[in-house]
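Please look through the sequence and the model below before reading on.

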Amino acid sequence: MAKDKNKCEKYELAITDYILGEEMDITREELLNHLATCDNCQKDLTNWRETYAAMRNKAYMEKPETKKKYQEMLERIKSSSCEKVPGKDVNINTKIGAPAGVIWRYLATNGWINVDELPKKTNLNKEIVHEAIGWLGKEGKILMTEEKQTTYVCLADHERKNAQMQE
Ligand SMILES: [Zn+2]
């Protein structure tokens with residue numbers, strides 16, 4: 001049982017990120033695969049989802065127990081992100097910016113592509129590709145669609161124009 005709890009640790013923060021629509025440290029697929037096999041995390045997800053729904057409902061927000069739950073959720077999110085500093089500082093521009101640039105240039109000369117094919121096409125590892133895609137998405141540089149659990153990306157039109165001007 002203790003071992004199971006360990007296994008779930010990395011999904012706990014991911015679940016709150018997922019609910020809040022934030023970027024996750026793991027891929028959506030990883031989380032969904034885990035959820036499919038883990039009752040505890042499923043319950044966790046349901047709890048957070050209810051809490052979040054309650055947060056958005058003003059009537060619920062007046063209730064003391066909701067306030068308490070909301071406070072606990074914020075505390076938990078804050079403490080999880082503070083705990084994540086065991087390594088050395090990462091230069092975002094080097095770690096994400098450079099691979100994002102490689103992907104950006106690849107997308108500039110291609111149409112919609114399955115995200116899972118990008119590691120092979122760009123010689124970047126899968127994790128880096130996912131981080132870079134998340135970053136490009138947040139910056140509004142790419143479009144994303146999903147079909148049958150496959151994610152497709154495409155360079156946004158205004159970025160494509162930039163790419164053509166650079167040629
Ligand atoms: Zn779990």
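Ala53 counts as exposed because 11 C-beta neighbours lie inside 10 Å, where exposed is the word for a residue with 12 or fewer other C-beta atoms within 10 Å of its own, buried for one with 20 or more, and partly exposed for one in between, with C-beta atoms placed from the backbone. This model is a predicted one, in which local features need pLDDT of at least 70 and side-chain atom pairs count only at pLDDT 80 or more, while totals for chains, interfaces and linings use all residues. Residues are numbered from 1 along each chain as its sequence is written. Ala53 belongs to helix α3, residues 39–55 (helices, H or I of at least four residues, and strands, E of at least two, are DSSP runs numbered from the N terminus). Although Ala53 and Ile19 are 34 residues apart along the chain, their C-alpha atoms are separated by 9.6 Å.

In soluble globular proteins, nonpolar side chains tend to be buried together. The largest nonpolar core here has 12 residues, among them Ala100, Ile103, Leu118, Val129 and Leu155; such a core is a set of buried Ala, Val, Leu, Ile, Met, Phe, Trp, Tyr and Cys residues joined through C-beta atoms within 7 Å. At least two residues of this core come from each of α6 (92–108), α8 (126–138) and β3 (150–155), and α8 gives the largest share, four residues. Apart from this core lies another, of eight residues, including Leu13, Ile15, Ile19 and Trp48.

The strands can be followed next. Strand β2, residues 142–147, runs antiparallel to β3 and is joined to it by six bridges, two strands being paired if DSSP finds at least two bridges between them. Ile142 has Leu155 in β3 as its bridge partner, and Glu147 has Thr150. Two residues lie between β2 and β3 in the hairpin that they form, and Lys148 in the turn has a positive phi of about 45 degrees. Strand β1, residues 113–114, also pairs with β3 in the antiparallel sense, over two bridges, and Asn114 stands opposite Tyr152.
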